[in-house]
Amino acid sequence: MAIYRNRKFQWGAMVASLIFLALLGYRTLMWERVSTRGDMPEAWTGKALESSESWMNIFQSGKKIGFTHRRLGTQSGGYRIDEETVMNINTMGMSQTIQVRSSSTTNMDFAVNAFDFTVASGSFNFSVKGEIRDFVLYIEGNLGGSTSKETMEFPLENRPYLTSGILQAVVASGIKEGESMILFIFDPSTLGQAAAEITMKGREAIKLSGETINTRKISLKFKGSRQYAWIDDNGEVVKEQGMLGITLFKTDKKGALDGLPMESSDDLTLLASIPSNRVFDHPERLQRLKVKVRWRGGADDTPHFPLDQGRQKWHATEESQEGVVTIDKESFDKIHAAQKRFQASTPDAIDARFKSADPFIQSDHPRIHNMLNRVVTPEDLPLEKVRKLVAWIQKNIRRQPVLSLPNALSTLENRVGDCNEHAALMAAFCRAAGIPAKIEAGLVYLNGRFYYHAWNLVYIGEWITVDALFNQIPADVTHIAFSSGAQKLQLDLMGVIGNVELEIID
């Protein structure tokens with residue numbers, strides 16, 4: 001059981017990273033001008049907004065864990081938006097203060113022209129600058145937390161927007177009760193885009209500091225998760241509500257800065273984990289696991305995940321919001337047979353994304369190749385390469401929960417990370433060695449609960465699971481994958497947190 005006691009500590013950063021990605025991802029949006037009331041005009045028809053400043057306290061379970069400060073300033077042809085968020089996040093008993101700052105310039109319709117974004121915590125720093133020129137987004141920054149700068153270009157079909165000003169844009173647009181806007185979020189942390197929907201829900205009276213305030217409630221649905229905002233008749237945001245019980249309330253500067261240092265959040269890892277109806281003393285010995293998965297909420301909130309793939313088989317039940325997933329552990333006989341097929345032919349049918357480098361899986365970088373050549377030899381069979389790479393990561397990468405953007409190169413440089421960093425580095429090593437590799441993310445069993453985790457799929461004639469953090473080839477069957485493939489798909493787990501129930505049936 002020692003390995004399972006040790007590995008519990010490492011899962012903390014998975015949930016914290018999702019919170020972090022939510023903070024980061026919601027800062028940049030692609031707003032497609034679509035509405036249930038018909039196409040919006042190309043020319044901006046909303047009203048101009050005046051300069052304003054707001055402070056919000058951040059609470060969880062009645063405790064103040066942070067604050068947000070936003071400033072909206074007018075300038076020729078548009079606005080300048082500045083935002084700072086400070087939060088104390090607790091994961092597995094470790095408290096870290098996260099500071100997020102963003103500045104941007106926009107047009108009158110709040111489409112961004114340029115932005116500067118930084119994140120800092122006790123163990124991690126991230127900064128990125130972006131500029132839009134001729135529908136191309138140019139990004140520069142230390143995107144993986146390393147000291148080196150990276151530059152990337154992204155062609156855009158639509159102009160990007162910042163959520164630090166998106167609520168003001170909604171106010172200015174004149175959207176009415178029952179109407180919706182479709183948003184396309186561009187997330188610089190994962191280089192992915194996904195649709196979000198903003199809906200004006202209607203009027204609602206709320207209590208704030210003992211006073212009843214008439215507001216309009218706005219819903220933002222993204223990746224199966226929902227966030228809400230309440231705007232008063234003056235167009236000011238007075239309340240926001242997000243995942244894991246995190247809620248923001250309007251205050252003033254004194255109210256935001258009073259009570260420092262702040263309390264820490266509840267343990268997000270434990271809060272987001274899912275209780276199991278069965279206890280396993282040795283989950284690594286299981287050959288099969290059958291689990292009923294049920295989504296909470298209405299049918300509209302049921303997320304869609306590729307649960308039927310590889311060693312996982314999905315069977316939908318009569319209830320539309322539940323089904324059964326069966327996971328069979330890969331046998332070494334099948335793995336060795338697959339390896340022979342891999343030797344006989346190259347995996348030409350494999351998607352090129354899983355064989356080549358990307359900005360966070362830098363399998364073409366000289367440092368990755370130099371280390372790879374020190375660990376494996378060209379004569380090693382694919383499975384032996386995988387074993388040697390897992391062994392090297394086990395020995396050389398210090399296990400520590402960090403708030404980071406999973407980045408293979410910076411993990412190799414810094415020699416520290418949790419499941420995200422281990423999976424990114426393993427994927428880069430494998431791809432550099434000619435072995436296709438994916439990143440999977442989902443849930444793993446530990447001591448009566450399921451926790452969020454990330455691991456790999458590698459192709460050696462067929463796809464097999466590999467957990468580089470916990471030295472498992474193949475991974476045990478309590479690894480339930482909700483996301484498989486590109487790293488950007490890890491944001492899909494936002495729709496799982498707080499919305500899923502599990503029942504072990506076999």
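1. The second largest pocket. Strands β23 (437-446), β24 (449-459) and β25 (463-466) each contribute at least two residues to the lining of the second largest pocket. In this predicted model, the second largest pocket holds about 310 Å³ of space. Its lining comprises 18 residues, and those closest to the centre are Gly310, Arg311, Gln312, Glu330 and Trp463. Sorted by class, the lining of this pocket consists of eight charged, six polar and four nonpolar residues.

2. Lys438 and its surroundings. Lys438 belongs to strand β23. The residue has a relative accessible area of 14%, and because this is under the 20% limit, Lys438 is classed as buried. Leaving aside residues up to four places away in sequence, Lys438 touches Phe354, Arg431, Trp455, Asn456, Leu457, Trp463, Ser484 and Gly485. Lys438 and Thr465 are 27 residues apart along the chain, and their C-alpha atoms are separated by 9.5 Å.

3. The chain as a whole. The secondary structure amounts to 27 strands and 10 helices. The chain has 506 residues, of which 57% are buried. Among contacts with a separation of 6 or more, 62% are between residues 24 or more positions apart.

4. Geometry of helix α8. Helix α8 covers residues 382-396, which gives 15 residues.

5. Burial along helix α8. Which residues of α8 are buried? They are Pro382, Leu383, Lys385, Val386, Leu389, Val390, Trp392 and Ile393.

6. The loop between β25 and β26. Two backbone features of this loop deserve a remark. Pro474 is located in the loop between β25 and β26 (480-485), and the peptide bond that joins Ile473 and Pro474 is cis, with omega about -5°. Asn471 also lies in the loop between β25 and β26. Its phi is near 60°, a positive value in a residue other than glycine. Is Asn471 buried, exposed or partly exposed? Its relative accessibility is 47%, and because this falls between the 20% and 50% limits, Asn471 counts as partly exposed.

7. The loop between β12 and β13. Ser209 sits in the loop that links β12 (192-208) and β13 (211-222). Although Ser209 is not a glycine, it has a positive phi of about 55°. Ser209 has a relative accessible area of 76%, and because this is over 50%, the residue is classed as exposed.

8. Ile132 in strand β7. Ile132 is placed in strand β7, which covers residues 125-133. With a relative accessible area of 13%, Ile132 is buried, because the value is under 20%. Ile132 and Phe154 are 22 residues apart in sequence, while the distance from C-alpha to C-alpha is 9.5 Å.

How values were computed
Residues numbered from 1 in each chain as written. Predicted model: local features only at pLDDT ≥ 70, side-chain atom pairs only at ≥ 80, totals over all residues. Heavy atoms only, no water. Helix = DSSP H or I, 4+ residues; strand = E, 2+ residues; numbered from the N terminus. Expected span 1.5 Å × (residues − 1). Buried < 20%, exposed > 50% of the residue type's maximum accessible area, 1.4 Å probe, protein only. 1 Å grid on protein atoms, 1.4 Å probe; cavity = no way out; pocket = protein on both sides within 12 Å on 5 of 7 lines; lining within 4 Å. Points joined across faces, edges and corners; volume = space filled by probe spheres on them. Nonpolar A, V, L, I, M, F, W, Y, C, P; charged D, E, K, R; others polar. Contact = heavy atoms within 4.5 Å.
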